[in-house]
Amino acid sequence: MEMTSIDLDVDILVIGGGVVGCAILRELARYDASIALLEQYPDVCEGTSKANSAIVHTGFDARPGTLEARLLAEARQLWPEVIARLHIPYLQTGALMVALNEQEQATIAREIVPKAAANGITLQPLSRAEILEAAPYVNERIVGGVLVEGEGVIDPFWTTRAYCEHALLNGAQLFLGERVSAIEVGPQRLRVRTENGKTFSAALVVNAAGLWADEIARLAGDHSFRLTPRKGEFLITEEDHGVAQIILPVPSEVSKGILVTPIVFGGVLLGPTAEDVSDKRDLATTTAGQQRIREGVGRLVPAMSTVSTVRQFAGLRAVSSTGDYIIRPSTVSERLLHVAGIRSTGLSASPAIGHYVGKLVGETLGLRLRTSYRETLPEPLSEAAHEDGEVVCLCRSITRGEILAALRSTLPPQTLDGLKRRTGAMLGECQGNLCLPRLIALFQQELGRDPLSLEKHAPGSRLLVERLTHLGGVPAHSGERPKRGQ
Amino acid sequence: MRKMQMSAYTLEDMPLMEDLHEGDYDVAIVGAGLSALSLLHSGGTALGRTVVLDYQEQVGGLLRYLLPADGFGTEWELLRDFQLPSGVRLLLQTTAVGLLPANDAEPTHTLVVRRRQGTTQLRARQVVIACGGVERPREHDAIPGTRPSGVMTPVLALQLLAQGYLPGRRALVYGDSRYALATARRLAEVGLEVITAAPASGNGRSVRLCGTLQEICGFPRLTAVRLLCDQQSVEVEVDTLIYATGLLAGTHWLKGSGVALTAAGTIAVDAHYRTNIPGIYAIGTVVRPELDHEDSVRMGKEVATLLPGGVS
Ligand SMILES: Cc1cc2nc3c(=O)[nH]c(=O)nc-3n(C[C@H](O)[C@H](O)[C@H](O)COP(=O)(O)OP(=O)(O)OC[C@H]3O[C@@H](n4cnc5c(N)ncnc54)[C@H](O)[C@@H]3O)c2cc1C
Ligand SMILES: Cc1cc2nc3c(=O)[nH]c(=O)nc-3n(C[C@H](O)[C@H](O)[C@H](O)COP(=O)(O)OP(=O)(O)OC[C@H]3O[C@@H](n4cnc5c(N)ncnc54)[C@H](O)[C@@H]3O)c2cc1C
């Protein structure tokens with residue numbers, strides 16, 4: 001290896017600040033070891049972890065015998081404690097799978113119920129009348145269905161952040177805006193370089209780079225797997241029509257289908273579609289995709305086919321050829337551990353993935369548990385603090401106190417979208433067009449951020465291009481402006 | 001340069017919470033936009049004990065970021081010359097978050113309001129809802145494509161200019177309302193290269209490109225938009241899109257209040273601006289969210305004569 005100086009020497013380095021990487025970081029923090037995480041974006045939870053259905057799946061429909069099924073089952077046991085200790089917003093809504101005809105009803109009896117049983121879950125069959133009584137908004141034409149009691153919805157941003165904050169509380173280090181661009185594999189240590197020119201050295205590297213995990217592997221000379229993106233489009237509505245459960249169609253061969261899902265912080269999520277795409281950055285929404293969603297949800301909850309929408313977005317599933325999670329050492333070194341192909345259940349399985357990988361790494365490196373480990377995160381701000389201050393986001397009634405609490409937190413937002421995911425401001429009808437200038441001012445006041453440097457999400461997404469100098473500038477809120485034509 | 005009268009009211013004048021509970025008001029007005037100012041201008045002290053509250057730091061509603069502007073003479077005059085009638089209390093940075101209509105046990109209407117000092121309640125015999133609305137963002141109309149920075153509505157662009165920042169260099173302003181075109185002129189004045197565009201079905205005002213917005217392109221910053229012009233897809237390279245297609249009535253805070261809405265989501269009123277609940281009125285954008293309506297000032301005037309105790 002060359003003579004580059006090392007910027008940071010740690011025992012374990014995690015690449016990727018999604019829900020999986022952060023869950024792993026949290027578990028690694030239990031060990032007496034130095035640990036750090038590298039994330040290319042200016043915030044955690046900027047990859048697939050921010051664009052999913054936000055369901056904590058029980059795993060009732062997982063393929064029995066797979067690692068995915070096993071970790072989903074373990075996660076079921078772990079969630080209650082994780083939710084309590086990290087104070088994560090969660091709602092156990094239950095899920096109703098509804099059959100639209102006798103054929104689907106037969107599929108439930110023949111395939112779904114036995115598969116769930118193999119995964120240790122008993123599904124409760126419901127008649128048409130029972131479903132319509134529990135969920136009067138469901139399509140009257142259904143013939144029956146089943147209730148999956150243990151399914152619920154969670155705040156995926158909060159989950160990812162809380163894992164990370166919990167790890168930070170226990171001594172982990174976080175490096176945001178660091179994109180890994182080279183990996184050198186040595187016999188005892190790996191060197192990881194970033195685009196910014198930093199070099200990190202670690203005894204073990206965990207590759208949790210989501211959709212890009214195959215590219216991280218390739219940087220180390222490992223070509224053993226490939227990941228391809230499968231796009232899922234969504235739309236959000238604030239018209240809930242009373243929807244209080246997750247409504248699932250009977251799945252087809254190719255996907256779980258298009259669902260109706262209550263959102264834990266308000267509104268209803270419709271989608272996702274499933275479309276294989278070629279570009280790992282293709283997150284565009286499409287007219288065809290949005291139409292498919294409306295058709296799909298219309299079959300389950302007719303009122304949802306014509307609702308107004310406040311937002312549309314898309315996420316990319318990381319599809320691997322193996323059809324199961326890829327959690328194993330690299331083909332080039334025992335010291336590079338892949339955690340990849342976590343396609344459509346990564347949020348749900350995250351506590352168990354963290355636990356499983358933590359144990360694996362602990363054993364590989366012969367680590368001991370730390371004597372002092374803080375099991376719980378401090379309570380988020382009390383209701384009283386939330387009440388503090390005037391309303392800043394008019395559409396969602398988010399107060400100045402809530403914005404300040406986020407800006408002053410352990411893991412403060414670096415971007416406008418980061419602030420949105422922490423507070424709910426800008427999520428409403430006007431999408432931030434009214435309150436954004438006030439948020440920019442608070443960013444400047446609290447974190448000393450020059451408004452010109454403030455980005456929306458990804459590097460290069462600045463909102464402002466220049467100070468207005470040639471007109472002398474216009475003082476904010478003065479109600480004055482220079483005369484025309486000057 | 002003429003100074004605006006409204007700058008005379010500063011936040012320092014804001015009464016503290018304790019002072020708010022001096023008993024019931026005769027009239028509480030939610031929102032201090034053009035329709036409310038028009039009501040106050042016409043009604044004056046005859047309205048009785050009146051309180052006006054607004055989310056913003058100053059009066060004038062959404063339009064104040066644009067004024068003065070060509071073609072908005074009446075609105076500008078109202079705003080420029082506005083004087084708060086004596087005895088009317090103005091509470092800025094004060095947002096109504098709920099409304100509990102009068103009932104058998106409680107003969108006055110109660111507004112739940114949030115301000116810097118916390119949440120409190122205001123009681124009034126009559127409530128005028130003049131809270132306007134917000135602009136329709138690109139998301140409301142589900143315009144497909146990427147989600148880059150550089151896509152905004154006029155009120156955001158105008159606020160950023162007012163704070164002394166340029167939001168971009170080359171902008172397409174989509175919409176042909178007076179408001180859209182006035183925004184386009186303002187952006188051109190400060191040095192942006194501006195292209196105006198609108199669908200053929202619009203107001204028919206003259207724009208450079210006639211077409212429907214099809215797609216938003218580029219990431220992390222906007223690089224282009226695609227329009228369908230005369231059945232041909234045209235890509236226009238811009239770093240900024242000003243989406244100016246309309247307004248949405250601001251009724252979210254009335255959820256559960258019992259105030260009836262129309263199918264279009266506006267507050268339902270009769271010819272005298274009465275809602276379904278006696279003593280609760282609604283005027284301005286919240287009843288007529290069409291971007292080009294010129295009725296707010298008139299509605300304010302009219303309701304001033306209709307309120308019991310109002311001028312005739
Ligand atoms: C449409 C859809 C619906 C879904 N619904 C659900 C659901 O309801 N429930 C559920 O449990 N799961 C669901 N999932 C799956 C879930 O979202 C994923 O399994 C999970 O988010 C994967 O997390 P991750 O941390 O592996 O990936 P990511 O969140 O993508 O994190 C990977 C991180 O690595 C970073 N990175 C990549 N390359 C580099 C580099 N070179 N240097 C530094 N950092 C790098 C990225 O920036 C990213 O932040 C859904 C997925 C989709 C797409
Ligand atoms: C851009 C634009 C161009 C228009 N052109 C004209 C025109 O030329 N002439 C004309 O007559 N009309 C015009 N209209 C229509 C309408 O007159 C204007 O919107 C006018 O500003 C509407 O007045 P308003 O009082 O109904 O609403 P707004 O001006 O929007 O004022 C509402 C006020 O209520 C406040 N508010 C909202 N919710 C709450 C709450 N919960 N608690 C407290 N305060 C709240 C807001 O901060 C805002 O200041 C236009 C509208 C717009 C937005």
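1. Ground rules. The model is predicted: local features need pLDDT of at least 70, side-chain atom pairs count only at pLDDT 80 or more, and totals for chains, interfaces and linings use all residues. Residues are numbered from 1 along each chain as its sequence is written, chains are lettered from A and ligands numbered from 1 in the order in which they are written, and side-chain values use heavy atoms, with hydrogens and water left out.

2. A sheet in chain A. Three strands of chain A make an open, antiparallel sheet in the order S3-S8-S4. Strands are DSSP runs (E, at least two residues), and helices are DSSP runs too (H or I, at least four); both are numbered from the N terminus. Two strands pair if DSSP finds at least two bridges between them. Strand S3 (55-56) and strand S4 (90-91) of chain A are the edges, each pairing on one side only. S4(A) meets strand S8 (residues 152-154) of chain A through two bridges.

3. Size of the contact. Chain B gives 61 residues and chain A gives 62, where contact means heavy atoms within 4.5 Å. The two chains bury about 5,500 Å² between them, with 52% from carbon and sulfur atoms. Buried area is the accessible area (1.4 Å probe) that two parts lose on being put together, summed over both. Tyr55(B), Arg147(B) and Tyr165(B) supply 15% of what chain B buries against chain A, more than any other three residues.

4. Arg438(A) and Glu57(B) form a salt bridge at 3.0 Å, N to O.

5. Strands across the chains. Strand S23 (residues 466-467) of chain A pairs with S9(B) in the antiparallel sense, over two bridges. Glu466(A) has Leu166(B) as its bridge partner.

6. The ligand site. Which chains surround ligand 2? Residues from chains A and B do, so the site is shared between chains. In total 35 residues surround the ligand, each with a heavy atom within 4 Å of it. The closest are Ser35(B), Asp54(B), Glu75(B), Arg178(B) and Ser296(B). An N or O atom in the side chain of Arg178(B) is 2.3 Å from an oxygen atom of ligand 2. A backbone N or O atom of Ala96(B) lies 2.6 Å from a nitrogen atom of ligand 2.

Technical notes
A salt bridge is a side-chain nitrogen of Lys or Arg within 4 Å of a carboxyl oxygen of Asp or Glu. A polar contact is a pair of N or O atoms within 3.5 Å; within protein, one must be able to donate a hydrogen and the other to accept it, and residues adjacent in sequence count only if both atoms are side-chain atoms.
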